[in-house]
Amino acid sequence: MKRNRTLFNNKSNISTAENIVLTFVRLALAALFIFSGFVKAVDPLGTAYKFGDYFAAFSDTLTQMNFAALGEFFTRIDFLAFPFAVAMIALEFIIGLNLLFKVYIGTTSLFALLFMCVMTPLTLYVYIASPVSDCGCFGDALVISNSVTFWKNVVLLAFTIYLFIRRKYIKPLLMPVAQIITELVFILAVLGFMIWNLTHLPVIDFRPYKIGTNIEQAMQLPENAKPDVYNTKFIYEKNGVKQEFTLENYPKGDSTWVFVNQESTLVSKGDAPKIHDFSITDPEHGDITDYVLQNEGKTYLAIMYDLNKTSRCGVQKVEKLYQLAKKHGIDFYALSGSSDEEIEKFREETGVTFPFCTTDPITLKTIVRSNPGIVLIENGTIEGKWAWRDIF
């Protein structure tokens with residue numbers, strides 16, 4: 001009788017076919033969570049910027065819906081974008097690692113289910129309302145449409161529900177003490193990896209301005225690029241009656257019809273150049289983008305997207321680099337999105353002497369994830385990038 005009771009309580013008593021399905025679901029979820037966590041842990045600031053985009057979009061939408069108080073709330077919590085990003089990245093990464101190595105399967109499957117229960121409705125909203133161009137779920141490594149993101153999450157939600165229901169049939173690989181140690185190692189490793197990428201530069205650069213990119217070439221479309229596709233309607237009037245026509249059947253050359261209006265609707269977005277928003281404006285000489293990109297010699301660009309957030313220790317290193325570049329006849333420009341008044345105040349506070357030009361701050365945040373950061377270009381090609389901590 002005791003032997004029969006033991007067999008009845010055996011948690012692994014499922015068919016081979018279901019065990020294969022359960023293993024596939026677990027490994028598929030592990031791979032997706034690890035990949036999603038890794039590509040965002042490479043660039044935590046990018047995820048923080050995306051949270052900021054969400055907060056701004058929610059604020060605008062709620063304000064337009066006459067919920068000004070709620071809109072103001074999302075504006076006020078913008079400072080939480082970075083901690084939210086770090087928490088989400090760590091959660092995703094650790095869920096994936098736990099599923100892969102079968103650590104704390106019960107708790108992990110619950111967190112995975114809760115995570116997908118939050119993300120799936122959110123991506124449905126993004127799919128319907130399109131408050132942001134892309135959800136940012138895979139960082140800059142893989143940009144997918146809002147519709148694909150939602151349906152991907154629907155599948156993942158189904159997987160996590162199944163995994164949670166059948167979690168008791170997954171045997172742990174490690175003893176309880178070993179699971180505690182493993183979990184601590186996972187947490188420390190993920191946090192350490194993010195700290196490294198934050199204090200230096202991302203170990204893998206998924207953005208358009210990676211080393212080796214020729215900026216001028218990246219601003220152009222290839223010959224086989226797909227154009228935007230529009231559905232165009234022409235409205236003509238005849239004898240007081242208005243009628244819609246297409247490009248194929250509008251009454252060309254028929255003077256009895258009077259043109260009233262033209263309506264164009266975007267059907268599908270075409271290709272866009274990898275870089276489409278890079279420009280440098282000098283306060284004295286205007287747009288010097290072509291001059292900088294076509295210079296066959298070396299040019300240093302000091303990136304400071306917001307001078308109010310620029311490291312004062314870092315800017316002193318930049319000043320030393322400027323003096324060294326000046327000594328060797330190498331061009332040097334500081335690029336900032338701050339106003340002329342802020343630049344002048346910054347000069348007085350720090351005593352820096354290098355020349356300032358203006359560039360869109362969003363572009364600057366994309367170029368290098370450091371404030372300040374240094375970019376070396378030669379003949380329009382990016383030859384090197386450094387965080388301010390790595391200059392000297």
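Which helices each supply at least two residues of the lining of the second largest pocket? They are helix 2, helix 3, helix 5, helix 6 (105–129) and helix 7 (146–165). The model is predicted: local features need pLDDT of at least 70, side-chain atom pairs count only at pLDDT 80 or more, and totals for chains, interfaces and linings use all residues. Residues are numbered from 1 along each chain as its sequence is written, and side-chain values use heavy atoms, with hydrogens and water left out.

**Terms**
- A pocket, on a 1 Å grid over the protein atoms alone, is an open set of points where a 1.4 Å probe fits, with protein on both sides within 12 Å along at least five of seven lines; lining residues have an atom within 4 Å of a point.
- A volume is the space filled by probe spheres set on the points, which are joined across faces, edges and corners.
- Helices are DSSP runs (H or I, at least four residues), numbered from the N terminus.
- Ala, Val, Leu, Ile, Met, Phe, Trp, Tyr, Cys and Pro count as nonpolar, Asp, Glu, Lys and Arg as charged, and the others, Gly among them, as polar.

**Largest pocket**
- Its volume is about 1700 Å³.
- Of its 48 lining residues, Gly46, Tyr49, Lys365, Thr366 and Arg369 lie nearest the centre.
- Helix 3 gives the most to this lining, with eight residues.
- The lining has 20 nonpolar, 13 polar and 15 charged residues.

**Second largest pocket**
- This pocket has a volume of about 590 Å³.
- Its lining has 31 residues, with Phe51, Met88, Phe115, Met119 and Leu122 nearest the centre.
- Helix 6 gives the most here, with seven residues.
- By class, 22 lining residues are nonpolar, five polar and four charged.
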